[in-house]
Amino acid sequence: MAKRLVHRGHDVTIFCCETEGAPPNVKLVRLPNIALFNHNRNLRFSRAMALATANNFDVVAGFNKIPHLDVLYCADPPIPKPLTIFQKLNPRVRGYQRLDLACFGDQSKTRLLLLADYQMAQFRESYGTAPSRMRVLPPTLERTQVMEAGERARARADIRRRLGLSDDALVWLFVARYPQSKGLDRVIDALHAVPAAQCLCVGFDPAELARNGLGRLAKRYGVSDRLILLGRTNEAPALIAASDLLVHPSRKDVTGTVILEALANGLPVITTEACGYAAHVIRAGAGIVISGKFDNDSFRAALVSAQDAALRADWRRNALDYAAREDLYSGLDCAVAEIEEAGRRNLAAAHLAQRDRSPSPAA
């Protein structure tokens, strides 16, 4: 988004608490937020941010819930409502609630850019947020993540050859930064029920399996040799091409962009209703969504049925047709347009205020 704004001729400053490089022509400012607990760090950062941006910028857009934002690009759900006396008095809960109220409360004027339909219902239920302040953006899939048919075929052959997988091997793909929250334990359980399948695991350090007990679970089920751990890689589109099925049984995922990357590249998906983009799988008719409370038997049954190559071929065609007719790409451009519009509103308001303060001409 910063690169898009710079390309449109704007000066962009990013305020952050940690840095790992910056886009070209973007100023990076690191703000202090040293504190013992996360909620105090967030509160300290929000105060530093307010001071740093006061009267210096046409528009202030944020990606975390903090006060005084013109626009919030919101990828997080509201914090759960405190129910017990302990929760209501807990400094951590109260701190996060203050930050939520600053953006979603009825006194806030922050424009909210949401990533999934269900977020709007959540914020209305939790805070009574006015619908006029909220907009659900289209998906934010980058076209660079989509391969042409010939390119997919070449990538499939190349990846399978490099990994020693035969052309007819049944290959699942699991992509996650945090394997526990995205349901790798559920995938391990399902591998036990589908002996023909192997699973490419991408996006996390393989050492994490030892830290969170997933390695022991795989050994207990006797599937360790069918988990192909590829670590963090930028070959996601090629790995999608090499696979027969995306397995994404996430416990919580506001969007699940990998679901759209799969659909756009013709890869069927088995996922859960907990993912914001799961609705695209249903609309496309390109896989199975486990609805309601997660059930291992239902997930295993879905993956057993997905062994049918003819069924997967139908899902693949449906996925490609859906990606060709739906807007899966314009979310970031729409967000940038919202930031620009907020800047125009602020400039117009400042001009009116200046005019009102100017002395009237003498009669």
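Reader: Which residues of helix 7 are buried?
Author: The model is predicted; local features need pLDDT of at least 70, side-chain atom pairs count only at pLDDT 80 or more, and totals for chains, interfaces and linings use all residues. Residues are numbered from 1 along each chain as its sequence is written, and side-chain values use heavy atoms, with hydrogens and water left out. Buried means under 20% relative accessible area, exposed over 50%, and partly exposed in between (1.4 Å probe, protein chains only). The buried residues of helix 7 are L184, D185, R186, V187, I188, D189, A190 and L191.

Reader: Why is helix 7 described as largely enclosed?
Author: Helices (H or I, at least four residues) and strands (E, at least two) are DSSP runs, numbered from the N terminus. Helix 7 covers residues 184-193. The rest of the structure largely encloses this helix because the buried residues number 8 of the 10.

Reader: How many of the residues in the whole protein chain are buried, as a percentage?
Author: The protein chain comprises 15 helices and 12 strands, and its C-alpha trace spans about 90 × 50 × 35 Å along the principal axes. Of its 363 residues, the part that counts as buried is 45%.

Reader: What share of the contacts with a separation of 6 or more comes from residues 24 or more positions apart?
Author: Contact means heavy atoms within 4.5 Å. In the protein chain, among contacts with a separation of 6 or more, residues 24 or more positions apart account for 62%.

Reader: Which element has the lowest mean pLDDT, and which the highest?
Author: pLDDT is the predictor's confidence in each residue, from 0 to 100. For the protein chain the mean is 90, and 97% of the residues reach 70 or more. The lowest mean among the elements, 78, belongs to helix 3 (residues 85-89), and the highest, 98, to strand 10 (residues 245-248).

Reader: How many aromatic pairs does the structure hold, and what is the geometry of F104 and F123?
Author: Rings of Phe, Tyr and Trp (its six-membered ring) pair if their centres lie within 6.5 Å; planes under 30 degrees apart count as stacked, over 60 as edge-to-face and the rest as tilted. A search of the whole structure finds 6 such pairs. F104 and F123 form a stacked pair, with 4.1 Å centre to centre and 20° between the planes.

Reader: Where do F104 and F123 lie in the chain?
Author: F104 is buried at a relative accessible area of 0%, and F123 is likewise buried at 0%. Their pair links distant parts of the chain, 19 residues apart. F104 belongs to helix 4 (residues 91-104) and F123 to helix 5 (residues 117-127).

Reader: Which residues do ring pairs link into a cluster with F104?
Author: F104 also forms a tilted pair with Y127, at 5.8 Å centre to centre and 35° between the planes. F104 lies in helix 4 and Y127 in helix 5, so this pair ties together parts 23 residues apart in sequence. Both F104 and Y127 are buried. The residues linked with F104 by ring pairs are F123 and Y127.

Reader: Is N25 buried or exposed?
Author: N25 lies in the loop between strand 1 (13-16) and strand 2 (27-30). Its phi is near 65°, a positive value in a residue other than glycine. With a relative accessible area of 67%, N25 is exposed.

Reader: What is the phi of H68?
Author: H68 is found in the loop between strand 3 (61-62) and strand 4 (71-74). At 62% relative accessibility, H68 counts as exposed. H68 is a residue other than glycine with a positive phi, near 65°.
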